[in-house]
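Biologist: I am new to this structure and would like a close look at a single part of it, the open sheet and what surrounds it. Could you take me through that part with care?

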Amino acid sequence: MSEYSSENTTGKALRINIDTTRYGVFAEIGAGQEVARHFFQAGKASQTIAKTISAYDMIVSDDIYGREPNGRYVCESRLEKMLGHEYDLLTDRLSATRGAHTKFFSFANTVATASSSSNKQTQKQSHGWMGVRFQADPNSPCNDIILHVRMLDRHRLQQQEALGVLGVNLLTCAFYHLDKVEDFITHLVEGLKEGQIVIDVIKFKGPAVKHFDGRLMNLELVRRGLAEAILFSPNNEILNVSDAIYGKALLIQRGTFRPVTSTHLDVLQKGLAQIKDDVRKSEGKDLDVLPIMELTMHNLQTDGHINEKDFLARVETLTNLGMHVLISNFFLFYGLKRFIRRYNPHFMALVVGASHLEKLFKEEHYKNLEGGLLEGLGKLLEQKTKLYIYPHKTSTLCLTTKSFFPAPHLRHIYAYFTENKQIVDISGCDETADYLHSIDVMRMIEKGDPAWEKLVPEKVRDLIKTKKLFGYQ
């Protein structure tokens, strides 16, 4: 074990300072020079730091890094410009004199901090992007590790201190902890208290980090509770949730998707047909609708463990259909709704099969709330949030909102939400085929029954067969 493995933040900074092969630039905007400060305080900083810069003024910052078309300075594109500009400037100036024995790096962050009270808008602003561009060896290609973080401490000073710790950890991880992927996140958050920081995006780029699977690393953030949710694009890229859903109406379908079936697509299509009118009525205008397929950690785990191969298969089959995929820690819908509302005030619909109504009205699920089920449903359903119900049809029955009867003492609550059209059917029994469950398709795949091929979308069928997903032989 390294003598530095349990060092405090100052000790980690000193380790880098006395590593004479490392030399770089720190560019920090928004929270002071909290990361660079640790290197100055540790001593021997002249051996590591070529320059520190903090371009707070927007005109000055634009002159150095260029303007942001959207006018936002706390964003990934700004961070990438900072990393690129400072790294290129450093290597252009110093490669000739010390490039043969130096591993250059640039570190950058662009952050918005704010002391918070009960004001949710203020809490929302406490976030930022942080990253490092570095060489693993002298004269080698550069590599990037980029994070998006939210600071949960109430006061600016605490947020700044947490950022300083995280920044030093990020550099330490990039320089000394790339060999064991499974230990990377542990080292990344070392010294931080639980509940101080949310890391909801982590990205890796370059030859020295090619053994990191960004999908699995982001999943690990959710599994550890360091992120509430992560979002995949149709291109299998990790997206910042707040940026991806900004200004859009949302249609979210929860499922296991192991694998996605033809029924899931029919649910989505009928939800999209319904939501357009609801958006117009709710918003007074048309908005782009972003459909999202959501998987919960509860649905990914078996005996507390996650089958990584199975997880990747689910994500890949969904993104192959052009879907955005959300992996979340929210067992109950009201937690998901509260998370979305942090970033998006627009109309949102959650679409589920009618068989899920029974689970929605189980009082035991709301024991942690003072107001019980009524409080939970009240937090979930309001003017701009609806629950869309898709018929659960079999050869012997068809369930809709009209055929669901909760316990007698809950019926008035259910009637309130249905009569106010906050829980609505999106299709009748005559317009739908029998409901195809993922588990039934999986059983067919496991038994080698070719009938499964007709129960999933064509693209999914081809992908499963080509890549041997879900145990297909």
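Modeller: The part to look at is an open sheet of 6 strands, which follow the order E2-E1-E3-E4-E5-E6 with mixed pairing. This is a predicted model, in which local features need pLDDT of at least 70 and side-chain atom pairs count only at pLDDT 80 or more, while totals for chains, interfaces and linings use all residues. Residues are numbered from 1 along each chain as its sequence is written, and side-chain values use heavy atoms, with hydrogens and water left out. Strands (E, at least two residues) and helices (H or I, at least four) are DSSP runs numbered from the N terminus, and two strands pair if DSSP finds at least two bridges between them.

At the edges of the sheet are strand E2 (49-53) and strand E6 (197-205), each of which pairs on one side only. Neighbouring strands are turned against each other by 10 degrees on average, direction ignored; axes here are lines fitted to C-alpha atoms, for helices over the stretch in contact, and angles run from 0 to 180 degrees between N-to-C directions. Strand E1 (residues 22-29) runs parallel to E2 and is joined to it by 4 bridges, and Ala27 stands opposite Ile53 in E2. Helix H6 (residues 156-176) packs on this sheet, where it touches E1, strand E3 (103-112), strand E4 (127-135), strand E5 (142-151) and E6, contact meaning heavy atoms within 4.5 Å. The direction of H6 makes about 25 degrees with that of E4.

Turning to the aromatic side chains, ring pairs link Phe26, Phe39, Phe105, Phe107, Phe134, Phe175 and Tyr176 into a cluster. Rings of Phe, Tyr and Trp (its six-membered ring) pair if their centres lie within 6.5 Å, and planes under 30 degrees apart count as stacked, over 60 as edge-to-face and the rest as tilted. By this rule the count comes to 19 aromatic pairs. One of them is the edge-to-face pair of Phe404 and Tyr414, with 5.2 Å from centre to centre and 85 degrees between the planes. Phe404 lies in the loop between strand E17 (398-399) and helix H16 (411-419), and Tyr414 in helix H16, so this pair ties together parts that are 10 residues apart in sequence.

There are also charges placed over rings, which requires NZ of Lys or CZ of Arg within 6 Å of the ring centre and within 35 degrees of the ring normal. The charged end of Arg98 sits over the ring of Tyr23, 3.8 Å from its centre, and that of Arg72 sits over the ring of Tyr246, 5.8 Å from its centre.
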